[in-house]
Amino acid sequence: MNDKKIVQLFFERSQQAITELSLKYGKICFHIALNILKCNEDAEECENDTYLKTWNSIPPDAPMYLRAYVSRIVRNLALSKYRYNHRQMRDSHLQVYLSELQDCIPASQDVEASADDTVNRAIGAFLSTQDLTARALFIQRYFYMEKISVLSKKFGLKESTVSTKLNRTRLKLKQYLEREGIVL
């Protein structure tokens, strides 16, 4: 079933909407949550919470890109769950991803909180200027929290090549944000 029909089912408040959403995007929701949480049970919980949150937000929201919409919901839920589960721990696997981005996103005590709509739009505009590989690597690494080794296999590149491409993209992003007047 296509996304427009699924969204229409949500507007009609049909239970079939959740079934169709689960069939179409359940695997990607679970995958995103599992990459962040590293626990099947927590990932399943986030996946199910995503369906509830989607149910409660459509309507009034009418997302044009349903996959991106639910991906963002599950990612935010998984990050919240991760913070809750690890609130006392300093050493976390997410610190690797966030430390890579610390020089090219605005300074804040909480990286996620600093990413307001202005920064999000600027990052989106920047990524649209990049070649398909650089854009896909960046999104897979920093949105879906994929490991370099997984990206290497997906894209048929050496791990060092993936790391270099990501580093160059981050440097370009930093320069772009500075040109746009976004304080880092």
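Predicted model: local features only at pLDDT ≥ 70, side-chain atom pairs only at ≥ 80, totals over all residues.
Residues are numbered from 1 along each chain as its sequence is written, and side-chain values use heavy atoms, with hydrogens and water left out.

Let's start with the packing. By nonpolar core I mean a set of buried Ala, Val, Leu, Ile, Met, Phe, Trp, Tyr and Cys residues joined through side-chain atoms within 4.5 Å. Buried is under 20% relative accessible area, exposed is over 50%, and partly exposed is in between, using a 1.4 Å probe and protein chains only. The largest core has 28 residues, and those touching the most other members are F10, L21, A33, I36, L37, L66 and V70. Helix 1 (3-11), helix 2 (16-37), helix 3 (40-57) and helix 4 (66-85) each give it at least two residues, with helix 2 providing the largest share, 9. Helices here are DSSP runs of H or I, at least four residues, numbered from the N terminus. A separate core of 18 residues includes V119, I123, Y142 and L166.

Now, what does F10 contact beyond its neighbours within four places in sequence? With contact meaning heavy atoms within 4.5 Å, the partners are A17, I18, L21, T54, W55, I58 and P59.

That brings us to the backbone. Most residues other than glycine have a negative phi, and most peptide bonds are trans. The bond joining I58 and P59 is cis, with omega about -15°, and the one from P59 to P60 is cis too, with omega near 15°. P59 is in the loop between helix 3 and helix 4, and P60 has its place in that loop as well.

As for phi, R13 has a positive value of about 60° and sits in the loop between helix 1 and helix 2. R13 is partly exposed, at 35%, and lies over the face of W55, 3.9 Å from the ring centre; the criterion is NZ of Lys or CZ of Arg within 6 Å of the centre and within 35 degrees of the ring normal. K38 also has a positive phi, near 60°, in the loop between helix 2 and helix 3.
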